[in-house]
Structure formats: C-alpha cells, structure tokens
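Thanks for making the time this morning. I would like to take you through one chain, starting with its overall make-up and ending with a few single residues.

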Amino acid sequence: MDHEHHHQHEAGHEGSHAPGHEGGSHADHGTGHSHGHGSHPATWRTAAQATLHCLTGCAIGEVLGMVIGTAAGLHNGATVAISIALAFVFGYALTMRGVLRAEVPFRQAVKIALAADTVSIAVMEVIDNTVMVGVPGALDAGLADALFWGSLAFSLAAAFVITTPVNRWMIGRGKGHAVVHAYH
C-alpha cells in the first residue's frame, strides 16, 4: 500500500473494529487511539508507517555510509559519522519529496521535514550505531562478509522496534510525523 493511500485509508477507517475490516489485525486498532491530545491518529499502525518511512531513509543512508566507509578503508569513527550524516540526509529527503509534491515551498518543506523526522531519525541512529559498534567485528568486516550485512540488518530491525513506540507517542501529541499528515 503506498504512503498516500495508506493515510487516506487510515483516516476513513479510524476506530473501525468491524469484523472483516481490511488492513490489519485487531491489535493495530484496539489501544492505539489518542486520548485528549488533538485529532492525530496515534495507532500502532500509524506509528509503524511513520517509522518505516524514516527507516527507509535511514537505511539508505546507513548502508551507503557503511559501504563508503568500509570500501575507502576509513576507521570506524569516520564510517559511523558518514552513515549518520547520510541517514539524516536521506531521511529528510524522503519526507521533503512528499511535502514538495503538495506544492509546499522548499524552505517550508525543510522546516516540516526537520519537525517530522529529527527525533525519529536520531533515535534510530543511536540504536542502529550502538548495535553496529557493539557487535564484535561488525564494522571491521568487509562488504562481502555476512557478519557485516547481518549486523546491519539486525541493527535496523532493532531501531524499528525501539523507534515505533517513540513515534506513536509523538504522533499522539501532534508532533513528529503528525506534522506531515496535512500534506498528504
């Protein structure tokens, strides 16, 4: 389901618990409603979608940074720094792409992306890079080594699991990815 269609689907069926309701399990809807913090849908599904959106940009930046650093023979600190920088660049760029399609001026799109994704990307980067640095030999493994790719995949999965509740909390308060909803 594409990002824009998902939000239309979510808005049209928020709170629906009818049997046979398409698009997820009862657990996606049962406890995920915002309580008195505005009209932002703070379901687990919305939080997971926001996290996947950020994770896509982060993953592109992380993988590219790790590949560049490893291929260039840079020390681990430089490789991690490049990965973090590129994760933020690609994370913000994906959000801006959608906002710019809504004909929002570039400067405003930058502000929206910063408001929408900064905390989410920062949490992901802390988790992702902590795992990569913490797995013995992961950063020193070559690009052809399964340890490198396995550690990177595990670190991104851990980042998703830990960041989803953070995004849910922020969306429920009208912050984070909730600021992007008006532009879809």
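What you see is a predicted model, in which local features need pLDDT of at least 70 and side-chain atom pairs count only at pLDDT 80 or more, while totals for chains, interfaces and linings use all residues. Residues are numbered from 1 along each chain as its sequence is written, and side-chain values use heavy atoms, with hydrogens and water left out.

The secondary structure comes to 6 helices and 0 strands, where helices (H or I, at least four residues) and strands (E, at least two) are DSSP runs numbered from the N terminus. Of the 184 residues in the chain, 41% are buried, and by buried I mean under 20% relative accessible area, with exposed meaning over 50% and partly exposed lying in between, for a 1.4 Å probe and protein chains only. The accessible surface comes to about 9,000 Å², and 67% of that belongs to carbon and sulfur atoms; these areas come from the Shrake-Rupley method with a 1.4 Å probe, and for residues only the protein chains shown count as cover. If we take contacts, meaning heavy atoms within 4.5 Å, between residues at least 6 apart in sequence, then 66% of them join residues at least 24 apart.

Now to the packing of the helices. The axes of H3 and H4 come within 7 Å and cross at roughly 145 degrees, whereas those of H4 and H5 come within 8 Å, again at roughly 145 degrees; the axes are lines fitted to C-alpha atoms, for helices over the stretch in contact, and the angles run from 0 to 180 degrees between N-to-C directions. By class, the contact of H4 with H5 has 18 nonpolar, 5 polar and 2 charged residues, where Ala, Val, Leu, Ile, Met, Phe, Trp, Tyr, Cys and Pro count as nonpolar, Asp, Glu, Lys and Arg as charged, and the others, Gly among them, as polar.

Which residues have the most contacts inside the largest nonpolar core? That core has 30 residues, and the ones in question are Met66, Val99, Met124, Met132, Phe148 and Leu152. Helices H3 (44-71), H4 (76-101), H5 (106-134) and H6 (146-172) each supply at least two of its residues, and the largest share, 10 residues, comes from H5. A nonpolar core here is a set of buried Ala, Val, Leu, Ile, Met, Phe, Trp, Tyr and Cys residues joined through side-chain atoms within 4.5 Å.

Let me take Leu152 from that list, which lies in helix H6 and is buried, with a relative accessible area of 3%. Leaving aside its neighbours within four places in sequence, Leu152 is in contact with Glu62, Val63, Met66, Asp128 and Met132. The C-alpha atoms of Leu152 and Val63 are separated by 7.9 Å, although the two residues are 89 apart along the chain.

Asn129, in helix H5, is also buried, at 7% relative accessible area, and, with neighbours within four places set aside, it touches Glu62, Met66, Val80 and Ile84.

Finally, is Glu103 buried or exposed? Glu103 sits in the loop between H4 and H5 and counts as exposed because its relative accessible area is 72%. Glu103 also has a positive phi of about 65 degrees although it is not a glycine.
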